Each structure stands twice: as structure tokens, then as C-alpha cells.
Number of protein chains: 2
Amino acid sequence: MRNIRYPNGKLPAGAQGGTQLPDRMKTEEFLALVQEKQASAANRGMSLEEELNESNAYYVAQGIASVHKKPTPIQIVKVEYPARSAAVIREAYFRQPSTTDYNGVYEGRYLDFEAKETRNKTSLPLGNFHAHQIDHMRLVCNQKGIAFAIIRFTQHDETYVLSASHIIRFWEEAAQGGRKSIPYAYIQEHGHLIPEGYRPRIDYLSVIKKHYF
Amino acid sequence: MRNIRYPNGKLPAGAQGGTQLPDRMKTEEFLALVQEKQASAANRGMSLEEELNESNAYYVAQGIASVHKKPTPIQIVKVEYPARSAAVIREAYFRQPSTTDYNGVYEGRYLDFEAKETRNKTSLPLGNFHAHQIDHMRLVCNQKGIAFAIIRFTQHDETYVLSASHIIRFWEEAAQGGRKSIPYAYIQEHGHLIPEGYRPRIDYLSVIKKHYF
């Protein structure tokens, strides 16, 4: 992704008003997200997201499961339609997703999860989740889906499956003044370590099958 | 969505190369899609997509099910990061989705569907589907998910649920030289008419519950 320059350094008029919409991501917020992902992946070569996409592509190609990452939600403002070539989006904004990022079906069960990686050694900050994602996880649990998070501690080089019920409980306790993160030791005890391999790189379905079926 | 004008009427250099990518939608293709949706919805006020989004929002708000439309997949090429305001996407392209548009969970079952509306009175052209969507439906069926299409004939003012198995069979027969559309009469016989109401507008879950559970 590259910057493009405008002669006077200003945004076109049409872009100004929209920046007041509450759920467009601020530049600082967006860059923090991207930088955290890049820094976490720096000593591994691939980010958690890339490894999950590759693992899901393997599951799909082998007919083992159908799980996909949802596209990033974008608010489109301006589109150009040049003849005989691709339509070009000329102004658009990132939106906050209202669900988790991944879902699909595995042997008749609905799977729904969010992937998070952190360089923090001792805990996963709850700031990694949004209120509507917690609401979404609650509904999925009520509908008897399997909701969880895949959490990577890059400093420990470990990736865990943690049931949504734990995340929801920590979230609710934080709202009552409790701690704002989930301790690494708690995830070690209550989560399930995902074995890493070659194909797929992150075989999280083996963990799901063992512990949720 | 509006056009914006460039002084010399040409695309910026960066946009040229990318138009050769196979899965970017051509302007004509994209406009045909948008115009078909608009024309179909013209005498109703709301498009099928809008009514489904409203119905899904109702299901979610009532805790009845968790079903969402996936965001349109976009290939992002250029992003600007103005300080203290929203990140702005300045060049991006529409991609062909590799799955169906809607999925979710309802009482422990995985649901997966595509929504199509047509002004054609006698059949639904198979050109409304893509090969990778058919592959996706096959995998979902194999994984014991409930895969189907919601098909609206705007001229008849009727909306049906049709199981993916029928669509897959017509698709395979078309590949062998068979007809390139699913007849309206066939959908009347093998599909399930969705009762239209006020809340939700399109109560497709009542049909799913009755015929698939």
C-alpha cells in the first residue's frame, strides 16, 4: 500500500464530511493495527492471518472443511467506470467489522473465530476485541455454534485455541472493573495449544475435533 | 456512487497494469450487475439484498440466528493516511467472491446461501452463478451444511428457497450441453415459496426450519 500525493496536500471535498462517521477507522488506529501485525510477524516470515489463510485453503482443497476469512468491510464512496477495463474505486473507507473474521462449516458444525497475535509475553489485552464481536460470540454460542479465538504469542512462538466463553467472561469482568487482559498463564491452562506443521501450517481443526466434538 | 473526472480523461499509471488481473470485474460486467439489481427492485422499493439484510438484522437482534452478508471482496492498491482522520482508500478493485454471499448459524446448523433476483418470467439464467460458487456449495453440502439459493422472480413477486443440490445438478447438465437456466416451473415445483411479511420481511428461516430440520 502506497501513499499518493495531492498537489495541495488536502483531501478532496467529498472525503471531508465522511470522516465524522463513528465507525470509520482513524489513521492512527488503522496504522497501529497494521504495524502490530507486521511487528508480530517480523521474526516468523508469515503473519498468523497468512498462515490461517493458507491452512484454510488446504482444508478447502482437501474437502476437509469450508472455512474462510471474511473480506474487510469497506464503505465505498466513489467509483469510476472506465470503458473496457476494471471499475476503479477512488474513495472508500475501512469499517469496523460487526462479526468475527472467520467462519465456516466442519463436519456439520458451525465454526466462528477471531485470530489475534500479540508480542506481549504475559497477557492478551482485551482491546484486541470490540463490543460487537463479543455480542456476536454470545449469539453464536446461544445458537450452538463453536465460537473461539486463535491466539498467538509471538514471543513464545505458541498459538492457542481459546473458547469464546472465556473471552466473554473476561470481557464482562473488565466491564465491572476487572483486569483488561487475559493472562498468558490462564490461556496456557484453559486454552488448547495448536500443533504447528507443514500442511496445514496451523492445524486448528485437529484441536477443535479433539476438544469440541 | 459517482464518477470523478481526471483532466486528461486517462487512468493514473498505477491503475493500468492491474486491469489485466483475471478476477477483477470489468466495468460492463459490474454495471450490468448493478443495473439488474436496480431494475429488479424498481417496482418494489427495496432490493432482495436490502430486504435480506433487514431480515438478518431482525434475526440477530431477536437472537433467533446469526446470519450475515459477507462484505464485497476488494483488492486494495493505494491507501492514504491523513493524520487525525480516516484512512482513505484511493485505488481499489472489485474481486469475484470465492464463496456465496451469506452464511451463519441457526439452531446448531450451518446455513450458506446466495441471493438472486431476476426480471425473467420463465427461468433463472445459470449465468447468475460462478463456477467457484458451485464448488463452494458442493463442499458445504459434503460438510453437512444447509446450502441453498434465495431466488426472487420480480415479475411474479415471488421469492423461493431452492436447495443447492438442484442448482449443482442444472450446472453439471449445462456443462454437458444441457439448458443454461433453471425453469420457473421447476423452481415452483422443487423450491419452497417464502411467505413475505412485515418483521422479518423475508422469513426464510421459517422455510428452512420446516423443510430442512
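This report covers a helix pair, a sheet and one glutamate in a predicted model.

## Ground rules

Local features need pLDDT of at least 70, side-chain atom pairs count only at pLDDT 80 or more, and totals for chains, interfaces and linings use all residues; side-chain values use heavy atoms, without hydrogens and water. Residues are numbered from 1 along each chain as its sequence is written, while chains are lettered from A and ligands numbered from 1 in the order in which they are written.

## Two helices in chain B

Take helix 4 (residues 131-142) and helix 5 (residues 164-175) of chain B. Helices are DSSP runs of H or I, at least four residues, and strands are runs of E, at least two, numbered from the N terminus. The two axes come within 10 Å and cross at roughly 135°. Axes are lines fitted to C-alpha atoms, for helices over the stretch in contact, and angles run from 0 to 180 degrees between N-to-C directions.

The helices are therefore oblique to each other. Angles under 35 degrees count as roughly parallel, over 145 as roughly antiparallel, 65 to 115 as roughly perpendicular and the rest as oblique.

## A sheet in chain A

Chain A has an open sheet of six strands, in the order 1-4-5-7-8-10, with mixed pairing. Strands pair if DSSP finds at least two bridges between them. Strand 1 (66-69) and strand 10 (192-193) are the edges, each pairing on one side only.

Strand 4 (residues 102-106) and strand 5 (residues 109-118) of chain A run antiparallel, joined by five bridges. A:Tyr106 has A:Arg109 of strand 5 as its bridge partner.

## A glutamate in chain B

B:Glu80 lies in strand 2 (residues 74-80) of chain B. Is B:Glu80 buried or exposed? B:Glu80 is buried, with a relative accessible area of 11%. Buried means under 20%, exposed over 50%, and partly exposed in between (1.4 Å probe, protein chains only).
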